[in-house]
Amino acid sequence: MRVERLYSIQHADEAAWRALEPPDFPFFDFEFLRALERSGSIGGASGWSPVYLVCKDDLGCVLGTLCLYVKTDSYGEYIFDWGWARAYREHGLSYYPKLVAAVPFTPATGPKLLVRPDASEARAAVTRALLDAAQRLGEERRVSSSHALFLPEWELSEFAERGFAVRHSLQFHWRNRGYGSFSDYLDALVSKRRRQVVRERRQLAGEGLEIERLTGNELSPEHAATMYRFYLSTSDRKWGSPYLTEAFFTEVFRTMSDRILLVLARDGAGRPIAGALNFFKGRTLYGRYWGATEERRNLHFELCYYQAIEFAIERRLAHFEAGAQGEHKLARGFLPSLTYSAHEIHHPAFRRAIERYIAEEKELLAEDMEAYAHHDPYKH
């Protein structure tokens, strides 16, 4: 086996790459990575410089890949290590560059070591080759550390066995319990939470808005521009600087419409006033971006949660990740779920300190999970 480095997805064999794409995770699809690059959302001065490691056999057949980024900051990762960087700086050391296996700007759980399904017998050798190549890359670039973010639980051992420290974080996820309709989901909630959802939807209905769900051929370039405008309204309020460009939205609406769910709210004059962008693939739905140009009571809950849940039930999707954070999701049927990342810190003293911090953080999260269990929104 040999591992090649590609510095752009444009240099990858598209057909070979498609054989590696995960069945329930759209963010390593060729079109998504190409849109990030073409739009200028990554590369250049973005802080995300891609290096795709591609493992091939001696006949040149692609067996697997690991998508890496050389990072010069910690923006857009959602596994926060700013405190670690600050501690390095206070001791006269540089935390950047670092090496990260992740999807830029996407706090969604999915595999990082992509191996062809028909090469499963060689998986151990392929992953070993990819991780060895990642280590060599880190040494050449003199990175302070290597990180793999939002790993599925079954992939943790691949990194832990190489000395990575496993960190826990928390999100709130919705799971389809075999519901045949939205009313089935409501019936599964305890009465207090069921009344809350019904009340929120009834109050919004009084606003006289039209809510529509769009996917596939229903999507147009105008929808992409509208959603970008909503995205800017949120990024201006929360972050001050958007990660994604308008060209990214234009590209994914054109090339990934079959994996996009757009939820729009229009006022009485038919003008869009709010939107929520979701991606879906296989049996999983991912809520990504939301924005509004007008404030309406409960509009966020309707567009980002209830409409998406209805869509998931209709499509018989099993799992809905509605994004990072959000304790308020618990009352609406999203249960606390641990997410996982892996971290290899090269400086011995900082490695020990960060591993202690990660261990203490796990204990605190375990207490939070226990506390949330007392507020389970579902009947038993």
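Mentor: Start with a definition: a residue is buried when its relative accessible area is under 20%, exposed when over 50%, and partly exposed in between. The model here is predicted.

Trainee: What makes strand 10 largely enclosed by the rest of the structure?

Mentor: Count its residues. Strand 10 covers residues 272-281, and nine of these 10 are buried, so the rest of the structure largely encloses the strand.

Trainee: Which way do strand 9 and strand 10 run, and how many bridges join them?

Mentor: They run antiparallel, with seven bridges between them. Strand 9 covers residues 260-266. Pairing takes at least two bridges, so these two strands count as paired. Val263 stands opposite Ala276 of strand 10.

Trainee: How many bridges join strand 10 to strand 11?

Mentor: Eight, and these strands run antiparallel. Strand 11 covers residues 284-292. The rule asks for at least two bridges, so strand 10 and strand 11 are paired as well. Leu277 stands opposite Tyr289 in strand 11.

Trainee: What lies between the strands in these hairpins?

Mentor: Five residues lie between strand 9 and strand 10, and in that hairpin Gly270 takes a positive phi near 85°. Two residues lie between strand 10 and strand 11, where Gly282 takes a positive phi near 60°.

Trainee: Which residues have a positive phi although they are not glycine?

Mentor: Tyr78, at about 70°, and Phe105, at about 60°. Tyr78 sits in the loop between strand 3 and helix 3. Phe105 sits in the loop between strand 4 and strand 5.

Trainee: Is Phe105 buried or exposed, and why?

Mentor: Its relative accessibility is 2%. The cut-off is under 20%, so Phe105 is buried. Tyr78 has 22%, which falls between 20% and 50%, so Tyr78 is partly exposed.

Trainee: Why is the contact of Glu4 with Lys56 called a salt bridge?

Mentor: Their closest N and O atoms are 3.2 Å apart. The rule wants a side-chain nitrogen of Lys or Arg within 4 Å of a carboxyl oxygen of Asp or Glu, so the pair qualifies. The pair links distant parts of the chain: Glu4 in strand 1 and Lys56 in strand 2 are 52 residues apart. Side chains of opposite charge can pair when their charged atoms come close.

Trainee: Are Glu4 and Lys56 buried or partly exposed?

Mentor: One of each. Glu4 has a relative accessible area of 25%, so it is partly exposed. Lys56 has 17%, under the 20% cut-off, so Lys56 counts as buried.

Trainee: What makes Arg18 and Glu21 a salt bridge?

Mentor: Their closest N and O atoms are 3.4 Å apart, within the 4 Å limit, so the pair counts. Arg18 is partly exposed at 31%, whereas Glu21 is buried at 15%.

Trainee: Which residues are linked with Arg18 and Glu21 in a network of salt bridges?

Mentor: Glu14, Asp29, Glu31, Asp258, Arg259 and Lys281.

Trainee: How many salt bridges does the count come to?

Mentor: The count comes to 32.

Trainee: What makes the surface patch of Tyr75, Phe80 and Trp82?

Mentor: These residues form a nonpolar patch of about 320 Å². Patch residues need over 30% relative accessible area; Trp82 has 33%, so it passes that cut-off. At 33%, Trp82 is partly exposed. Its place is in helix 3, residues 82-90.

Trainee: What charge gathers in the patch with Glu327 and Asp368?

Mentor: Negative charge. Glu360, Glu363, Glu367 and Glu370 gather there as well. Asp and Glu count as negative, so the patch gets that name. Glu360 lies in helix 11, residues 348-373.

Trainee: What is the peptide bond from Tyr96 to Pro97?

Mentor: It is cis, with omega near 10°. Pro97 lies in the loop between helix 3 and strand 4.

Trainee: How far apart are Ala188 and Pro377 in sequence and in space?

Mentor: They are 189 residues apart in sequence and 8.6 Å apart in space, C-alpha to C-alpha. Ala188 is in helix 6. Its relative accessibility is 17%, under 20%, so Ala188 counts as buried.

Notes: Residues numbered from 1 in each chain as written. Predicted model: local features only at pLDDT ≥ 70, side-chain atom pairs only at ≥ 80, totals over all residues. Heavy atoms only, no water. Patch = residues over 30% accessible without salt bridge, like charges linked within 9 Å, V, L, I, M, F, W, Y side chains within 5 Å. Areas by Shrake-Rupley, 256 points an atom, 1.4 Å probe, with all protein chains shown as cover. Charge placed at Lys NZ, Arg CZ, Asp CG, Glu CD. Helix = DSSP H or I, 4+ residues; strand = E, 2+ residues; numbered from the N terminus. Buried < 20%, exposed > 50% of the residue type's maximum accessible area, 1.4 Å probe, protein only.
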